[in-house]
Amino acid sequence: MSLSVFCRYCGQQISDIDLNCTHCGLKQNFTVVSSSPSRKNSEGVIAFIVCFLFGIFGLHRFIYGKTGTGILMLITLGGFGIWWLIDLIRIGIGHFTDSKGNQLSLIHNH
Ligand SMILES: [Zn+2]
């Protein structure tokens, strides 16, 4: 299934599988216009990847507005890996929220 997107240049509706606009032929950097129900889920996937790769430095906490605990995590190297592992699991099971209370989860939640 392809998503409906609009050409950045001519504004015509095109498919996200088209690398070039079918109307004006210009190459696209896609902006998804239809609000995707999996938006939160994809954010969770990104959060999980960031946490997995750089979570030991608290990067996921800096990104999602939890600067205070982010700094603490950076200093302690993710609580010597334990805190990092806990956060990784919390994102994985959907128990991690950003500073605004938005849930970040690897699993899709309704
Ligand atoms: Zn176009």
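What pattern does the chain follow, read along the sequence? The pattern is β-β-α-α-α-α-α-β-β. The chain has 5 helices and 4 strands. Helices (H or I, at least four residues) and strands (E, at least two) are DSSP runs, numbered from the N terminus.

This is a predicted model, in which local features need pLDDT of at least 70, side-chain atom pairs count only at pLDDT 80 or more, and totals for chains, interfaces and linings use all residues. Residues are numbered from 1 along each chain as its sequence is written, and side-chain values use heavy atoms, with hydrogens and water left out.

Begin with the chain as a whole. Of the 110 residues of the chain, 29% count as buried. A residue is buried under 20% relative accessible area, exposed over 50% and partly exposed in between (1.4 Å probe, protein chains only). A contact means heavy atoms within 4.5 Å. Among contacts between residues at least 6 apart in sequence, 34% join residues at least 24 apart.

The largest nonpolar core has 9 residues: Ala47, Cys51, Tyr64, Met73, Trp84, Leu88, Ile91, Phe96 and Leu104. Helices H1 and H5 each supply at least two residues of this core, and H5 gives the most, with 3 residues. A nonpolar core is a set of buried Ala, Val, Leu, Ile, Met, Phe, Trp, Tyr and Cys residues joined through side-chain atoms within 4.5 Å.

Cys51, one of the core residues, counts as buried because its relative accessibility is 0%. Leaving out residues up to four places away in sequence, Cys51 touches Ile56, His60, Trp84, Asp87, Leu88 and Ile91. Cys7 has 5% relative accessibility and so counts as buried. A search of the whole structure finds 0 disulfides, a disulfide being a pair of cysteine sulfur atoms within 2.5 Å.

How many aromatic pairs does the structure hold? The structure holds 1 aromatic pair. Phe52 and Trp84 form this pair, which is tilted, at 6.4 Å centre to centre with 40° between the planes. The pair links distant parts of the chain, with Phe52 in helix H1 (residues 39-54) and Trp84 in helix H5 (residues 82-93), 32 residues apart. Rings of Phe, Tyr and Trp (its six-membered ring) pair if their centres lie within 6.5 Å; planes under 30 degrees apart count as stacked, over 60 as edge-to-face and the rest as tilted. Phe52 is partly exposed, at 49% relative accessible area, whereas Trp84 is buried, at 18%.

Another ring, that of Phe96, has the charged end of Lys66 over it, 4.7 Å from the ring centre. A charge sits over a ring if NZ of Lys or CZ of Arg is within 6 Å of the ring centre and within 35 degrees of the ring normal.

Last, consider backbone angles. Most residues other than glycine have a negative phi. Leu77 is not a glycine, yet its phi is positive, about 50°. Phe80 also has a positive phi, near 55°. Leu77 lies in helix H4 (residues 77-80), and Phe80 is in helix H4. Leu77 counts as partly exposed because its relative accessibility is 43%; Phe80 is exposed, with a relative accessible area of 74%.
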